[in-house]
Structure formats: C-alpha cells, structure tokens
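Here's a quick briefing on the fold you're about to look at.

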Amino acid sequence: MAIRSKPARPAKWNTSRLPDLTGRTAVVTGANSGIGLAAADALAGAGAHVVLAVRDPERGRAAAATMRGSTEVRRLDLADLASVRAFADGWAARPLDLLINNAGVMMLPELRTKDGFEMQFGTNHLGHFALTNLLLPYVTDRVVTVSSGAHRLGDGAIRFDDPNLTTDYTPTRAYAQSKLANLLFTLELQRLLARSGSSVRALAAHPGYAATNLQSHAASRVGRLAMSLGNRLIAQDDRAGVLPTLYAAVQDLPGAGYVGPDGLGEMRGAPTLVSRSAAASDPVAARRLWALSQELTGVRFPLGAASGAA
C-alpha cells in the first residue's frame, strides 16, 4: 500500500513574495535605520523608487548607498512642522503610490518638539498627521502607519484635556498614547477617505518585538538595560520586524486593517491581520483626535470630506 505524504505547508509570507513594484514611488519616514531602513531596502529591491525621508540627510545618504535599486534622500524632521511643510511643498505634484509613516521615538525623558508638543506625541502622531494630509492629494494607493502593541499600555486613552502630559508625564504613558493615536488616526483617515470616494486605503502595522535602535533611547538606565536584554533573548531582527509593514503595504487588505506578527503575544512571527484594543477601535475618540490634531497642526483633510460629519 502506497504511503501518502502530507501536503507541504505553504511558506509563510516574506519579502520574496513582494510583487514587482517597478514604476511605483514610496516615501518611508525614518528610513536610515531599523525597520525603516529594512522597508526602504525591500521596496527598492522590488523595483520601487524609494524616497528616504530622514532628519539627517548625511545618514540617509549612507543608508541609501547600501540599498539596491532607485532611491533618493530628502530631509524631514517630524518634530518640526515647518520641516514637514517644506517636505510636502517640495513634492512637485508627482504621484505617490505608498506613504509609510514609520519614523518614531520611544520612551524618552520629557522633551518638547520645536512647536512645543510633547516629543513622542508630536513626532509619532502629529508630525505624521500633518505629513499625510499635506501629501494626500498625491497618494494613489495607501498610507501605512507603524503603531505598536504598546498602544494597550499607559492610560488606554488619549488625554484630550492634556495631550502633552504636562501634569503627570511618564515615558511609558507618552509612548503608549502616541501609538494609540497612530491607530485612531488610521481609523479616522480610512473613514474620511471612504466618504470622499477615494480608493486610497489607510492601514496600520506593528513589528512585534523587533531589535532596533529605538530601545537605546529609553529614559532610564534600567529601562535601557532591560530592553537590551530583551533584544538579545526575545526580539526578532529588523528584517523580520519589517514584514508586517511590507505586508500592509502590498497585500489586498481592508481599509483600517492592522497587521502584526502571528506568534505568541504578537511578539514575533509571520505577518497577519491582528486585533487592537477597544480604545483603538473607538470611532468617537478617532474623530475627536482628528479634530484636535487639525487644531494643533493647522493641517486639514484635503479631499473634500469634513471630519466629524455623521
């Protein structure tokens, strides 16, 4: 009697399954290191023209020199709204297929952006909020914003009465709020895109526990040591950590979808759609955050649908 072999399991999704991106243009913020560098390299290797939007152009050029394919480097400081506007003003009305809002800061001591916002909220959320809306008239496919499983930490809510956490700042509370804001931003952006009749999709992703240089900037020495240990014992590298971002960027997924690793606790593994906290799924909070972000940045949704409409 013949022995039947078990069918081979399909290979888990990885960068070898990226489609041909020839002729497409992508902007990746924070693309000179970590997950941003890995994303830019993978997209350029698949044929896309990739714009590395970085605070330090010299470091950006050094990163671009290591990549395959077509790249360019442009300065962008998300902690300075004037820099964000300058980047958008210099776009020259060319199509932008993919915007990846990747750059971020993590667990910092209490600092302020050039415009006076708490640094993590100002950089991770408000800078990307302004950049996205200013570039949105040129976007043809999708916006992917990198959040974190840490959106479940802290207060589990946006401090609408004190978003800069002036009365009880902690690095964890500030980081968690900024990552929750990323998910609420994605939720409301998708609603507005759909109301305006746009085919552009907004998605979010998180890398799980990925070893990058973000962890080296924690506010406390104990925190830095703990993260260093976690990087060695638990974390996956940036090439694995970037897979949810790339999956969100190229797969046919629903708008407002959230992608993360499929392993235990979403710490590592292959990319898949994952759940988010109830607070990150609240459409009322998403609209309220959008209105607050418009007020703080002076930037509005450009495609003709008014935020807050029923």
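Strand 7 (residues 258-261) and strand 8 run antiparallel, with three bridges joining them. Keep in mind that this is a predicted model.

- Eight strands make up an open sheet with mixed pairing, and the order reads 3-2-1-4-5-6-7-8.
- Strand 3 (71-75) and strand 8 (271-273) sit at the edges with a single partner strand each, so one side of each has no neighbour in the sheet.
- On average, neighbouring strands here are turned by 25 degrees against each other, if you ignore direction.
- As background, pairing between strands of a sheet goes through backbone hydrogen bonds, and it can be parallel or antiparallel.

**Helices on the sheet**
- Helix 3 (residues 81-89) lies across strand 1 (25-29), strand 2 (49-54) and strand 3, and it runs at about 140 degrees to strand 3.
- Helix 4 (residues 119-135) packs on the sheet too, where it touches strand 1, strand 4 (96-101) and strand 5 (139-146).
- The direction of helix 4 makes about 175 degrees with that of strand 4.

**The chain as a whole**
- In total, you'll find nine helices and eight strands.
- The chain has 310 residues, and 55% of them count as buried.
- Take the contacts between residues at least 6 apart in sequence: 71% of these join residues at least 24 apart.

Note on methods: Residues numbered from 1 in each chain as written. Predicted model: local features only at pLDDT ≥ 70, side-chain atom pairs only at ≥ 80, totals over all residues. Heavy atoms only, no water. Helix = DSSP H or I, 4+ residues; strand = E, 2+ residues; numbered from the N terminus. Buried < 20%, exposed > 50% of the residue type's maximum accessible area, 1.4 Å probe, protein only. Contact = heavy atoms within 4.5 Å. Pairing = 2+ DSSP bridges. Axes fitted to C-alpha atoms, helices over the stretch in contact; angles between N-to-C directions.
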